[in-house]
Amino acid sequence: MGNHFLAIDPDLVNWSRAQFALTAIYHWLFVPLTLGLALIMGIMETYYYRTRDEFWKKTAQFWQRLFGINFAMGVATGIILEFEFGTNWSNYSWFVGDIFGAPLAIEGMLAFFMESTFVAVMFFGWKKVSRGFHLASTWLTGLGATISAWWILVANSWMQYPVGCAFNPDTMRNEMTSFLEVALSPVAVNKFIHTVTSAWVLGACFCVSVSCWYLLKKRHVEFAKKSLKVGAVVGLVSSLITAIAGDNSAYLVAQTQPMKLAAMEALYKGGNSQALTAFALVNPFTEQEDYTTQTEPPMKIAVPNMLSFLATRTTNGYVPGIQDVINGYTKDDGTVEPSLKEKMARGQLAIAALKAYRGGEKTAANEKVLKENMKYFGYGYIKNADQTVPPIAVNFYAFRIMVGLGTLFIFVFAFILFIIYRKDITRPRWLQLLGIALIPLAYIASESGWLVAEFGRQPWTIQDMLPTWASVSHLTSGNVATTFFLFAFLFTTMLAVEISIMCKQIKKGPQL
């Protein structure tokens with residue numbers, strides 16, 4: 001096991017990561033809009049159910065058409081993404097398939113079939129079922145998509161924070177010991193809230209942007225004004241919830257992934273009463289191995305004690321930096337976090353004990369060594385400290401883009417609602433242009449959040465348990481590179497087709 005992993009072609013790892021990243025990035029262009037529009041169209045049809053006004057029926061049908069176009073594209077990329085775990089990451093799938101496969105199987109059997117069933121009723125059942133049943137189908141379609149997101153995020157969260165499992169040396173696999181621990185871990189619950197509400201923000205931005213375009217063109221003005229109001233309310237509420245969940249995410253990252261937090265802050269040397277960096281000039285070309293000589297980045301503007309508060313809930317709490325995580329440190333509760341060298345040594349002990357156990361030495365001593373050191377198993381494949389430092393500049397800037405745009409959305413939605421209630425929203429042209437700009441800004445914020453989540457976890461496929469180079473399949477880098485470019489062409493074509501169809505439907509407008 002160990003000898004093969006240590007001899008892996010680095011080009012194979014890089015191409016495998018690039019292909020998965022490509023698929024995930026394209027997939028995430030479709031998913032948040034699906035979740036966001038599900039809420040928007042549900043609200044619109046609820047207005048129709050309560051008022052019996054045909055205006056709201058036509059409004060709901062318009063947003064449902066846009067939802068359907070996006071939904072179809074999201075399904076196509078999602079299926080490919082799940083298959084890549086088996087094709088490109090078979091060692092990973094073998095090592096933890098008993099755990100990771102469970103939420104994906106539930107997602108496929110329950111959530112996907114649920115949403116695909118009710119989406120048919122939603123589109124084709126307007127004249128075939130009662131208004132109440134149709135409304136239920138619309139909401140159940142959105143609920144199915146949300147439940148699907150839940151199980152996908154459970155799987156992703158387990159990779160960030162592996163719980164509810166134990167390694168079985170006889171099968172060479174990690175096996176689930178508690179389904180509830182996996183499904184309801186604090187990281188999974190918070191990631192679900194943060195991700196889904198951020199998708200609602202994106203859906204609200206889309207709704208506001210389309211409405212502002214109609215106002216700018218002086219078309220479907222009444223439809224645009226009412227849709228704008230719904231979108232702004234959904235956007236403001238979901239933005240505030242996203243911000244609260246984001247704060248809790250930072251706290252959980254500090255507890256479970258201190259290196260990720262240190263990279264997000266470009267914090268090389270930590271300590272007590274740490275300030276939260278608002279802005280700094282972090283050099284994107286700094287080599288990872290320079291961590292031993294790096295100091296605070298220039299042009300730094302920071303909020304005193306705020307990082308300690310976010311990470312520990314006390315203003316004088318201890319926050320480790322990159323150097324501290326590598327050299328070892330003492331937590332506020334007095335527990336000592338081992339140095340990287342100690343973790344690497346213990347990981348190598350675990351690998352050696354497993355090799356001996358699999359070679360026939362199934363002794364109590366080997367089992368004891370393996371059990372005591374399995375926590376650091378992944379560190380046995382680490383060769384030097386720079387391998388454990390994630391890309392600092394990417395994490396630092398992506399985090400600030402996400403937070404900065406999220407804050408902007410709160411003010412924009414609040415201002416739009418203020419204008420709606422105080423004066424005619426059709427007049428301020430600059431506000432309509434700002435509303436149109438919300439779509440690209442929302443996507444930038446959304447993708448930035450996932451960059452932080454996934455780049456910050458590097459080099460781990462599973463945090464502390466399995467590095468990326470120990471997870472890939474037995475392939476050649478050339479084969480993966482070829483499929484990378486094929487997928488790039490396919491996904492770009494799909495995106496262009498979706499944008500084209502979306503724009504045609506928006507230009508066509510609601511059939512009022």
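This note sets out, point by point, the overall form and selected local features of a predicted model.

1. Basis of the note. The structure is a predicted model, in which local features require pLDDT of at least 70 and side-chain atom pairs count only at pLDDT 80 or more, while totals for chains, interfaces and linings use all residues. Residues are numbered from 1 along each chain as its sequence is written, and side-chain values use heavy atoms, with hydrogens and water left out.

2. Overall form. The chain contains 17 helices and 10 strands; these are DSSP runs numbered from the N terminus, helices being H or I with at least four residues and strands being E with at least two. Its radius of gyration is 25 Å, close to the 24 Å given by the globule rule for 512 residues, so the chain is as compact as a globular protein of that length. The radius is taken over C-alpha atoms, and the rule is 2.2 Å times the number of residues to the power 0.38. The C-alpha trace spans about 75 × 50 × 40 Å along its principal axes.

3. Of the 512 residues, 53% count as buried, where buried means under 20% relative accessible area, exposed over 50%, and partly exposed in between (1.4 Å probe, protein chains only). The chain exposes about 22,700 Å², of which carbon and sulfur atoms supply 65%; accessible areas come from the Shrake-Rupley method with a 1.4 Å probe, and for residues only the protein chains shown count as cover. Among contacts with a separation of 6 or more, 80% are between residues 24 or more positions apart, a contact being heavy atoms within 4.5 Å.

4. The pair H14 and H15. Two packed helices are described by the angle between their axes and the distance between the axes. The axes of helix H14 (residues 392–422) and helix H15 (residues 429–436) come within 12 Å and cross at roughly 140°. Axes are lines fitted to C-alpha atoms, for helices over the stretch in contact, and angles run from 0 to 180 degrees between N-to-C directions. The crossing of H14 and H15 is left-handed, meaning that the near helix is turned anticlockwise from the far one by less than a right angle (clockwise would be right-handed). H14 contributes Val412, Phe415, Ile416 and Ile419 to the contact, and H15 contributes Trp430, Leu431 and Leu434. These residues of the H14 and H15 contact divide into 7 nonpolar, no polar and no charged; Ala, Val, Leu, Ile, Met, Phe, Trp, Tyr, Cys and Pro count as nonpolar, Asp, Glu, Lys and Arg as charged, and the others, Gly among them, as polar.

5. Three positions in H8. Lysine 226 lies in helix H8 (residues 221–256) and, at 29% relative accessibility, counts as partly exposed. Beyond residues up to four places away in sequence, lysine 226 touches Phe55 and Trp56. Threonine 242 is also found in helix H8, but is buried at 12% relative accessibility. Setting aside neighbours within four places, threonine 242 contacts His194, Thr197, Ser198 and Val201. Serine 249, likewise in helix H8, is in contact with Asn190 and His194 when neighbours within four places are left aside.

6. A cis peptide bond. Most residues other than glycine have a negative phi, and most peptide bonds are trans. The bond from glutamine 458 to proline 459 is cis, with omega near 10°. Proline 459 is in the loop between helix H16 (438–455) and strand S9 (460–462), and glutamine 458 is found in the loop between H16 and S9 as well. Glutamine 458 is buried, with a relative accessible area of 13%. Not counting residues up to four places away, glutamine 458 touches Arg17, Thr388, Pro390 and Thr468.

7. Positive phi values. Methionine 172 has phi near 60°, a positive value in a residue other than glycine. Methionine 172 lies in the loop between strand S1 (165–168) and strand S2 (173–176) and counts as buried at 12% relative accessibility. Aspartate 464 has phi near 65°, again positive in a residue other than glycine. Aspartate 464 lies in the loop between S9 and strand S10 (466–467) and is partly exposed, with a relative accessible area of 24%.
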